Amino acid sequence: MKTIVHKATDRGYANHGWLQANHSFSFAQFYNPDKIQFGALRVLNDDVIAPSMGFSTHPHDNMEIITIPLKGTLKHKDSMGNKWQTIEAGEVQVMSAGSGLMHSEMNAKTDEYLSLFQIWILPNKQNVEPRYDQQFFKAQDRKGQLQTLVTSIDNQAEGLKIHQDAKISRIDLDEGTSFTYQSLSKKHGTYVMNITGEVSVENNVLESRDAIGVSNTTDFSIQSKTPSQLLFIEVPM
């Protein structure tokens with residue numbers, strides 16, 4: 001088993017006034033040669049966006065983009081014909097940029113900050129037709145058990161779909177409980193973001209927003225020291 005710990009305080013940070021951004025991997029003005037990507041996981045941004053603010057229209061291509069609002073409401077429009085779709089906390093949005101698209105993302109609220117994770121995963125197919133989807137996931141369905149959010153478009157399992165042999169999932173653990181994560185294969189690695197709480201992953205203690213990359217194994221164990229919420233991003237290495 002191989003592990004790499006990324007402490008929350010070691011992430012890249014940018015204060016744009018309207019945007020407070022934390023970058024787990026090299027992004028924009030943050031560059032760390034040891035944090036380019038984790039397998040096919042290229043970006044994990046932890047953003048807080050001021051009311052009514054956001055990202056104006058900009059292009060993407062050949063990237064699988066997953067957005068998970070944690071608090072507040074996101075709104076999205078794009079060149080595929082989606083006009084200001086709202087994505088609430090509890091929902092997940094996926095977008096396959098494929099051959100190319102334009103989109104905008106804004107905080108839909110005028111009086112509330114928006115907190116979200118945005119994830120970019122390198123696709124296993126180039127220049128596919130762009131696509132968009134979103135889905136609501138019940139919080140009670142991840143209490144003490146794994147809740148699958150995103151899987152491969154080639155996989156018939158539950159969840160939203162992307163063009164990569166990847167899986168994104170969540171679990172909420174009570175204090176003093178244990179969980180064993182089962183990998184898709186030994187060729188995959190799993191990047192675990194501790195959203196909140198305190199856990200031990202293979203004897204590595206993670207506090208809120210700490211993360212660990214686990215690879216070269218078919219499973220690994222987690223023990224919660226406090227009530228905790230975890231995000232798993234499993235990708236080919």
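Me: How many cavities of 30 Å³ or more does the count give?
Reply: In this predicted model, local features need pLDDT of at least 70, side-chain atom pairs count only at pLDDT 80 or more, and totals for chains, interfaces and linings use all residues. Residues are numbered from 1 along each chain as its sequence is written, and side-chain values use heavy atoms, leaving out hydrogens and water. A cavity is a set of points on a 1 Å grid over the protein atoms alone where a 1.4 Å probe fits but cannot get out; a pocket is an open set with protein on both sides within 12 Å along at least five of seven lines, and lining residues have an atom within 4 Å of a point. The count of such cavities is 1.

Me: Which elements give two or more residues to the lining of the largest cavity?
Reply: The lining includes Ile-68, Val-92 and Leu-149. Strands are DSSP runs (E, at least two residues) numbered from the N terminus. The elements are strand 6 (64-71), strand 9 (91-96) and strand 13 (147-152).

Me: How much space lies in the largest pocket?
Reply: A volume is the space filled by probe spheres set on the grid points, which are joined across faces, edges and corners. For the largest pocket, this space is about 300 Å³.

Me: Which residues lie closest to the centre of the largest pocket?
Reply: Strand 3 (19-23) and strand 4 (41-49) are among the strands that each supply at least two lining residues. Of the 19 lining residues, the closest to the centre are Leu-19, His-23, Phe-27, Asn-45 and Phe-55.

Me: Is Ser-104 buried or exposed?
Reply: Ser-104 lies in strand 10. Buried means under 20% relative accessible area, exposed over 50% and partly exposed in between (1.4 Å probe, protein chains only). Because its relative accessibility is 3%, Ser-104 counts as buried.

Notes:
Helix = DSSP H or I, 4+ residues; strand = E, 2+ residues; numbered from the N terminus.
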